[in-house]
Amino acid sequence: MEHLSDYSHAYQILLVFQLVSSIFVVLFLFYKSAPYGKFVTKGFGPVMPARPGWVIMEFPAFAVILVMFYLGRGWENPAMVVFICIWEFHYIYRTFVYPLRLSKGSRPMAIAIPLTGALFNSVNGYINGYEMFLSPDAAVKYDLSWFLTPYFIVGTGLFVAGWIINQHSDAVLRSLRKPGETGYKIPNRGLHKWVASPNYFGEFMEWLGWAVLTASWAGLAFAVFTFANLGPRAYKNLQWYREKFGDEYPSSRKAMIPFVF
Ligand SMILES: NC(=O)c1ccc[n+]([C@@H]2O[C@H](COP(=O)([O-])OP(=O)(O)OC[C@H]3O[C@@H](n4cnc5c(N)ncnc54)[C@H](OP(=O)(O)O)[C@@H]3O)[C@@H](O)[C@H]2O)c1
């Protein structure tokens, strides 16, 4: 059992690290825009094409939790099997499908983005995998009755709703450029009518749903970090649209959460 306590120490340290780093991330991203897409600028080192950048960034999220699932013999527990399916449903798409669907006109990203993203995804995969599959009370907490708890039902509903919003909003953005185009236009369909970054809103809802459906500290840390990461980006996106398109851009639109922010 000694090896399990090693995993537990790493889990505790990394959980606190992720929560504390959310504070720095939110402050940094309000101060400086993450250097990719609309905001790619000089001064953040070399850049790389967006497609391989996304694969490098997201692969640890796909892989690390699978290792934790294997170490915790998660396949013996139906709730754990459902958790890994939900997680991988998102990350198989994000790692291997989303990059291929990106328009060829997508801007490059500073290499610092996939590298820091891969670090975050490794830590996040570890803490979520540990708490869900390896921690001493996981098997007791997540028995068959978990499927009937309000946590699981409400959380799964939030996750699914967030996924639909995220997919639809990304699809609207993809449809804006004709083949060969690289410029930016005003998106007007779906939740884009209400906020500048509905894809981020959907992503945040997904991970808030994950936090609820697993009722876990690691899930909560992930949802907090997602907001810290995407909230300031959505705010910068809104400012960017207003500056670029002026009066053409509807003044009632918020940044990320309809009517709120
Ligand atoms: N979990 C997390 O913390 C996290 C972090 C980051 C991203 N994500 C998710 O990853 C996905 C992509 O994120 P992102 O930050 O790259 O989103 P984004 O800035 O909205 O860009 C998505 C794609 O749409 C294009 N695009 C954006 N605005 C456009 C416009 N006005 N006109 C034409 N094309 C436009 C972009 O091209 P350019 O590249 O040329 O700008 C890019 O190809 C989202 O679903 C997001 O939720 C998750």
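Predicted model: local features only at pLDDT ≥ 70, side-chain atom pairs only at ≥ 80, totals over all residues.
Residues are numbered from 1 along each chain as its sequence is written, and side-chain values use heavy atoms, with hydrogens and water left out.

**View 1. The shell around the ligand.** The ligand is surrounded by 25 residues, the closest being Tyr36, Asp170, Tyr184, Lys185 and Tyr200. By class, the shell holds 10 nonpolar, seven polar and eight charged residues (Ala, Val, Leu, Ile, Met, Phe, Trp, Tyr, Cys and Pro count as nonpolar, Asp, Glu, Lys and Arg as charged, and the others, Gly among them, as polar). At least two shell residues come from each of helix 3 (78–101), helix 6 (150–175), helix 7 (198–214) and helix 8 (217–245); helices are DSSP runs of H or I with at least four residues, numbered from the N terminus. Helix 8 gives the most, with four residues.

View 2. A polar side-chain atom of Lys38 lies 3.1 Å from a ligand nitrogen atom. The side chain of Asn199 places an N or O atom 3.0 Å from an oxygen atom of the ligand, and for the side chain of Asn229 the corresponding distance to a ligand oxygen atom is 3.1 Å. The protein buries 92% of the 890 Å² that the ligand exposes when taken alone (accessible areas by the Shrake-Rupley method with a 1.4 Å probe).

**View 3. Helix 4 against helix 8.** The axes of helix 4 (residues 112–134) and helix 8 come within 8 Å and cross at roughly 150°; axes are lines fitted to C-alpha atoms over the stretch in contact, and angles run from 0 to 180 degrees between N-to-C directions. The two helices, helix 4 and helix 8, are therefore roughly antiparallel (angles over 145 degrees). In contact, meaning heavy atoms within 4.5 Å, are Phe120, Asn124, Ile127, Asn128 and Glu131 of helix 4 with Trp217, Ala218, Gly219, Ala221, Phe222 and Phe225 of helix 8. These residues comprise seven nonpolar, three polar and one charged.

**View 4. Helix 3 beside helix 6.** The axes of helix 3 and helix 6 come within 13 Å and cross at roughly 5°. Helix 3 and helix 6 are therefore roughly parallel (angles under 35 degrees). Among the contact residues are Phe83, His90 and Arg94 of helix 3 and Phe159, Trp163 and Asp170 of helix 6. The contact divides into nine nonpolar, three polar and four charged residues.

Methods:
Near = heavy atom within 4 Å. Polar contact = N/O pair within 3.5 Å; in protein donor to acceptor, adjacent residues only side chain to side chain. Parallel < 35°, antiparallel > 145°, perpendicular 65-115°, else oblique.
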